[in-house]
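These are my notes on one structure. I looked up salt bridges first, then the pocket.

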Amino acid sequence: MKLSIRNATLALALAAFLAAPAPAQETPSVDEIVQKAQHMAYYQGQDGRAKVTMTIKDKQGRTRTKAFTILRMNADDQDREQKFLVHFSEPADERGTVFMVHKHVGKEDDRWLYLPALDLVKQIAASDERTSFVGSHFFYEDVSGRGIEEDTHELVETTANAYVLKNTPKNPGAVEFDSFTMYIDKNFFIPFEIRFEKGGNVYRIARVLEVKDITGSDGTVYKTVTKSEMVDVESGGSTRLDYESVEYGVGLSDDLFTERYLRKPPQQFLR
């Protein structure tokens, strides 16, 4: 079987990430695995900034590119409250678009979208969480994170390098999937693949393509995902995210995450 260049690159990246088998250790509880994976995916460092290039490929192979900056700040030390801004700089007709989230574990998040062409601030309803994020194959909920209390979690397999968790929604009427399976690295608790299933079939797959060590302003080294993708298995389309200039400890303040800064984003943090 021939292996495409793209798949070969992915295989090499994952092989490097998973190269060192985890030493023998006691298996943590399911709750511990889920909480650590959530922390590594969304809550590392007190705050952070990254420039991101989004490449969207449709089923005909045509691509579109968008660029944006993410500003993120934890609002507590319990991995429950968090705020972030996503500010778009490309393409030109989307420049100035801002997506803002106030994330709350255990209750619905608050989400806003600012559309500069209309000078309109739109609050995104909870029912829109699992719709496309700015035309990509990621959903709004993929970007801001799904609440761990919204699903039941079951450890279905432990491999040499991964914990495999099946997650089933407590309110199946609120989502389009039946369950999703997470493959979580045993060394660093980074979820490196997530498979969404419906009717017995996998229809969406999120994958980590690259992980790097990023040193924060306080000298702490953070194991960070710098390339990832979401594949729509049914349509054949996909979206890739490339993270550049990732920084931790940039000194963001709480007042930046207000409606005022949707219309007037903090330029000093977007350069």
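Is D119 buried, partly exposed or exposed? D119 counts as partly exposed, at 42% relative accessibility. I use buried for under 20% relative accessible area, exposed for over 50% and partly exposed for what lies in between (1.4 Å probe, protein chains only).

I note the ground rules. This is a predicted model, in which local features need pLDDT of at least 70 and side-chain atom pairs count only at pLDDT 80 or more, while totals for chains, interfaces and linings use all residues. Residues are numbered from 1 along each chain as its sequence is written, and side-chain values use heavy atoms, with hydrogens and water left out.

**Entry: salt bridges**

I searched the whole structure and got 21 salt bridges (a side-chain nitrogen of Lys or Arg within 4 Å of a carboxyl oxygen of Asp or Glu).

I looked up D119 again and found its side chain in a salt bridge with that of R263, at 2.9 Å from N to O. R263 sits in helix α4 (residues 260–263) and D119 in the loop between β5 (110–115) and β6 (120–123), so this pair ties together parts 144 residues apart in sequence. I took helices (H or I, at least four residues) and strands (E, at least two) as DSSP runs, numbered from the N terminus. R263 is partly exposed too, with a relative accessible area of 43%.

Next I checked D142, which forms a salt bridge with R204; their closest N and O atoms are 2.5 Å apart. Helix α3 (residues 140–144) holds D142 and strand β11 (residues 201–215) holds R204, so the pair links parts that are 62 residues apart in sequence. Both D142 and R204 are buried.

For K212 and E210 I read 3.9 Å between the closest N and O atoms of their salt bridge. K212 is partly exposed at 42% relative accessibility, and E210 is partly exposed with a relative accessible area of 24%.

I also traced shared partners: salt bridges join R130, E141, R146, E150, D151 and E176 into one network.

**Entry: largest pocket**

I define a pocket on a 1 Å grid over the protein atoms alone, as an open set of points where a 1.4 Å probe fits, with protein on both sides within 12 Å along at least five of seven lines; lining residues have an atom within 4 Å of a point. The largest pocket is lined by 25 residues, and E108, E129, E141, R146 and E150 lie nearest its centre. Elements giving two or more residues to this lining are α2 (30–43) and β4 (98–104).
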